[in-house]
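Welcome! Take a moment to turn the model around before reading on, and keep the sequence at hand.

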Amino acid sequence: MRDFKTLLPSPSEHAAFVHCPTAWWLKYRTGVRKKDSAARMVSGGAISEALGEFYMPRGVASGPMEVYDTMMKAAMEGVMGGSEEESWLQQVALDRETLLFYISKNEPVESDWEAVVDAQGRIEEGVNLVPDKVVILKDGRVRPYEWKTISPFADLEYEKLMYNMGMQPISYAKMCEVKYGRPCTDCGMKFLVRGKLAKGRWKAEGPGFESYIVQVEPWKKVMWESSANFVNAGMQFVDWISQEEGFKLEYIPKFTHNCVKKLGNYTYPCDYYPACSVNVHPLQVEGVFEERGR
Ligand code: SF4
């Protein structure tokens, strides 16, 4: 569990707290997650490992697809033959296609890069971050890259806008400057758009890919640090409430305006909605949640 005093929250943890302090506390301080998010999460992790192999081969596999397939085979051992088998197989089919598409459209070293110096490496310079890869550019600057696998129903232009003002590129750039001792003025984004299965009136669609550069001005770095400090103080407060004698889940603030979101024609409830909507602790809702790593 992250120590509030020595490490600032990652951009994802920051976003979770702003979404809802209860959702943040459940996910980051108790490790309670929804079971059906497992296929998406595990496959997303396998994609990251496979892309790490694409950019910095470690010689332990014959390529990124082998890394992905080996990881997913191991992860699905306990799933095959059970009720979740079909959803896992569908997720793997979509993600395999997305990964193959990405590899066919990218080079392991691009024309303005001197070298890839890190892939999936952890940076702990005041904040706990894992940039997907870090490259040294031919002009001497350092550039972190983030790949983001997005739903075919998400709005790509909106995603780009969010990253333009978001914490992720800004915090990565700041940390990379500290770690590599070089100027960092931008952050690269690689969007992998998952394919779409045919469903109802929707036709099946193949995966997509787009590269995007976010400019990181100095004022953004200052803005990120003050926002991260502010949110970190709020997190410490919530964590302190949870350690008080007689604590109940309802004592943690709940941002109920975020319980349900609409994206295009689809409605997405928050992962914890099945518990919050009936006012019980998630672990008391049978078969929906489990305690995983924090
Ligand atoms: S369902 Fe609503 S109240 Fe509950 S954790 Fe999610 S956003 Fe917060």
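Is Ser83 buried or exposed? Ser83 counts as exposed, because it has 8 C-beta neighbours inside 10 Å. You can find Ser83 in the loop between α4 and α5. From Ser83 to Ile252 there are 169 residues in sequence and 34 Å in space, C-alpha to C-alpha.

Before we go further, a word on what you are looking at. This is a predicted model, in which local features need pLDDT of at least 70, side-chain atom pairs count only at pLDDT 80 or more, and totals for chains, interfaces and linings use all residues. Residues are numbered from 1 along each chain as its sequence is written. Helices (H or I, at least four residues) and strands (E, at least two) are DSSP runs, numbered from the N terminus.

Now let us step inside. The largest nonpolar core contains 58 residues. Such a core is a set of buried Ala, Val, Leu, Ile, Met, Phe, Trp, Tyr and Cys residues joined through C-beta atoms within 7 Å. Ala23, Trp24, Ala50, Tyr68, Ala173 and Cys176 have the most contacts inside this core. Helix α3 (residues 38–55) gives the largest share of this core, eight residues. Leaving aside residues up to four places away in sequence, Cys176 touches Val134, Val142, Pro144 and Cys184; two residues are in contact if their C-beta atoms, placed from the backbone, lie within 7 Å.

With 18 residues, α3 reaches 26 Å from its first C-alpha to its last, close to the expected 26 Å. That expected span is 1.5 Å times one less than the number of residues in the helix. The buried residues of α3 include Ala39, Val42, Ser43, Ala46, Ile47 and Ala50. An α-helix has 3.6 residues a turn, so residues three or four places apart point the same way. Among the elements covering the buried residues of α3 are the helices α4 (64–75) and α5 (85–105), along with the strands β2 (113–119), β5 (133–137) and β6 (142–150).

Those strands lead us to the pairings. Two strands pair if DSSP finds at least two bridges between them. β2 and β5 run antiparallel and are joined by five bridges, with Lys133 in β5 as the bridge partner of Ala119. β5 in turn runs antiparallel to β6, with four bridges between them, and there Val134 has Pro144 in β6 as its bridge partner. β5 and β6 form a hairpin with four residues between them, and Gly140 in the turn has a positive phi of about 95°. Moving on, β6 and β7 pair in the parallel sense over six bridges, where Thr149 stands opposite Leu192 in β7. Strand β7 (residues 186–193) is mostly covered, with six of its eight residues buried. β7 also pairs with strand β8 (residues 208–215), this time in the antiparallel sense over eight bridges, and Cys187 stands opposite Val214 in β8.

Next comes the ligand. Which residues surround the ligand? Its shell is made of Cys20, Thr22, Ala23, Lys254, Phe255, Thr256, Asn258, Cys259, Cys270, Tyr272, Tyr273 and Cys276. The elements that give two or more residues to this shell are α2 (21–29) and α9 (273–276). Eight residues of the shell are nonpolar, three are polar and one is charged. Here Ala, Val, Leu, Ile, Met, Phe, Trp, Tyr, Cys and Pro count as nonpolar, Asp, Glu, Lys and Arg as charged, and the others, Gly among them, as polar.

Finally, look at two loop residues. Most residues other than glycine have a negative phi, and most peptide bonds are trans. Gln120, in the loop between β2 and β3 (123–124), has a positive phi near 60°. Gln120 is partly exposed, because 16 other C-beta atoms lie within 10 Å. Asn279, in the loop between α9 and β11 (289–291), has a positive phi of about 55° although it is not a glycine. Asn279 is exposed, because it has 9 other C-beta atoms within 10 Å.

Key: A residue is near a molecule or strand if its C-beta atom, placed from the backbone, lies within 6 Å of it. A residue is buried if 20 or more other C-beta atoms lie within 10 Å of its own, exposed if 12 or fewer, and partly exposed in between; C-beta atoms are placed from the backbone.
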